[in-house]
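Trainee: I would like to take a close look at a single part of this model. Please treat the matter in one connected account.

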Amino acid sequence: MSERLTRRKFIKDAAIVTTGLAVGSATQIQAAPSYDLVIKNGTILDGTGGAGFRADVGIKADEIIAIGNIAPEQSKKVIDASGLNVCPGFVDIHSHSDGSILSYLDSESRVLQGITTELTGNCGSSAAPMTGIGVEERKKSWLEQEDVRVDWSDVASYFGRLEKEKIGINQALLLGQGTLRESLIGNVDRALTDDELKTILRWVEEGMDQGAVGISTGLEYTPGRYTPTQEIVEMARIVSRRGGLYASHIRNEEATLLEAVNEAVNIGRQTGGRVEVSHLKAAGVINWSKQLGAIHLIESARQNGVEILADAYPYTAYSTGLTVYLKSWALEGTTADLMKRLKDTETRGRMRSELVAHIPTEPGSFDLIVVSSVPSEKNRFTIGKNLSQIGESWKMEAVDAMLRLLEEEEGNVSIVGHGMSPENVRMVLSHPLVMIGSDGLTMAPRGKLGSTRPHPRSYGTYPRVLGYYSREQKIFDLPTAVKKMTSMPADQIGLKDRGRIAKSMKADLVLFNPETVKDAATFEEPHRYPLGIEYVIVNGVLAAEHGKQSGARAGRVLRA
């Protein structure tokens, strides 16, 4: 009997101790936080164009998992977004960071203006493939201009390089039609043979198999100039069949703008795919009246079932290479071929006559063409000067200064051309079928690109839209501006999990002050970061905090 009582007492005493331990644990150990990051008290612009609303955003790992009223103690980190707008990260649908992303891995000029994703490979030129005819010259150019050593050959190995290096923002890629064509037959003015076309089409398939989201053309450049429309149609058919995008720097943005837009429309009509007119503009005073007609062509095509949109940047100047003003015959072949023509009295004279006839129509005069970069030290004095000023320095006419500069720099001269009207820029940007794209690239005020005087769009595009065009010019409200920079381009690229603030979307976000956001970069001082972009989040990681770079590199390759 005594043994039974002793055992009963033991069991009772043990239960009391166990219960006490359990209660003690509950008071000492808190439940694990439900979120890695919570953004509280902000006004959400969700990217759809709808009105802003107050709510908190809860993030776990790289995903938005809650929107509503969230207790701060549920998160490891809390950002108080009082007075700030919270929107999806900006999706730059028109970027040229193919090479510079490898020189500026933190993506400073992109992150600090709120860009979290960019689409490269535009205007017919892409990082891959890096094989075939002219590959050594292209590799040399990348090294000299952007300090990038090329060690890839195709889309897969290029993406592998990006992932190995760890990049600051997300990257998607278009295959450049010009790159494909030049790799196969060189820079020659003729149609492809049937067998050559089959090879190009196979390369398109392979590139998209490896993750490219479509193709681009640069039909104002070589070898795009030499490409018949039907070749592009055949390539775009493959892209359409696979749900990809065809983006085109159209054949002409000046005298034959309307014909060039029509070509893009007809390619979309024949292939049934998504089409984009890159950096829609009418350049040159004499051509400004054509802008409305170009918009009407896109409107009409859209109404008749063609999936066409356009992108544009918020500036009255473009930027390109100085050779763009030369006729096609002068640019055929290699750089060495161009140099021979520049040194030959007869062919140089022909170029001169053509330039004298052409420049007054686009952009309008030699005064409007400003040098932004040259490779050589001896001609660095030309950076920031227009061609007329350079001519005065050399005591010659502007056209002769242009030809001399092209010869001395072996054709490698970048320029800013002041060619568009403010009224047309407002008209284009405000149109519902137009998205925002920078046409810029990632850089910083250091390194090789830091010593140039680039177009300010690489630093200021998105804050300029929010500050100058939305807040000051009032051409659209903030929800519309954000839509043009987030969900519209994300949908056009085919990104299903970015461009909106909603549950299960990737946590790419921008927090900005609607009262102070503005661009600071100017044509005279382009290497200046914007104001009012307070926080930038890439895949759930803070890439910028209080307007300063964090050093985190959370970007990813976005394969189709």
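Which residues of α5 are buried?

Mentor: This is a predicted model, and the answer should be read accordingly. The buried residues of helix α5 are Gln177, Gly178, Thr179, Leu180, Arg181, Ser183 and Ile185. That makes seven of the nine residues in the segment 177-185, so the helix is largely enclosed by the rest of the structure. The elements against which these buried residues pack are α3 (135-146), β9 (175-176), α6 (194-209), β10 (214-218) and α7 (229-241). After α5 comes glycine 186, with a positive phi near 85°.

The charged pairs elsewhere in the model complete the account. Side chains of opposite charge can pair when their charged atoms come close. Across the whole structure, a search finds 38 salt bridges. One of them joins aspartate 151 to arginine 161, at 2.8 Å from N to O. Aspartate 151 belongs to the loop between α3 and α4 (155-165), while arginine 161 sits in helix α4, so this pair ties together parts ten residues apart in sequence. Aspartate 151 is exposed, at 53% relative accessible area, whereas arginine 161 is buried, at 13%.

Another salt bridge links lysine 281 and glutamate 253, at 3.0 Å from N to O. Lysine 281 lies in the loop between β12 (274-277) and α9 (291-303), and glutamate 253 in the loop between β11 (245-249) and α8 (257-271), so parts 28 residues apart in sequence are tied together. Lysine 281 counts as buried at 6% relative accessibility, and glutamate 253 counts as buried at 5%.

How values were computed: Residues numbered from 1 in each chain as written. Predicted model: local features only at pLDDT ≥ 70, side-chain atom pairs only at ≥ 80, totals over all residues. Heavy atoms only, no water. Buried < 20%, exposed > 50% of the residue type's maximum accessible area, 1.4 Å probe, protein only. Helix = DSSP H or I, 4+ residues; strand = E, 2+ residues; numbered from the N terminus. Contact = heavy atoms within 4.5 Å. Salt bridge = Lys/Arg side-chain N within 4 Å of Asp/Glu carboxyl O.
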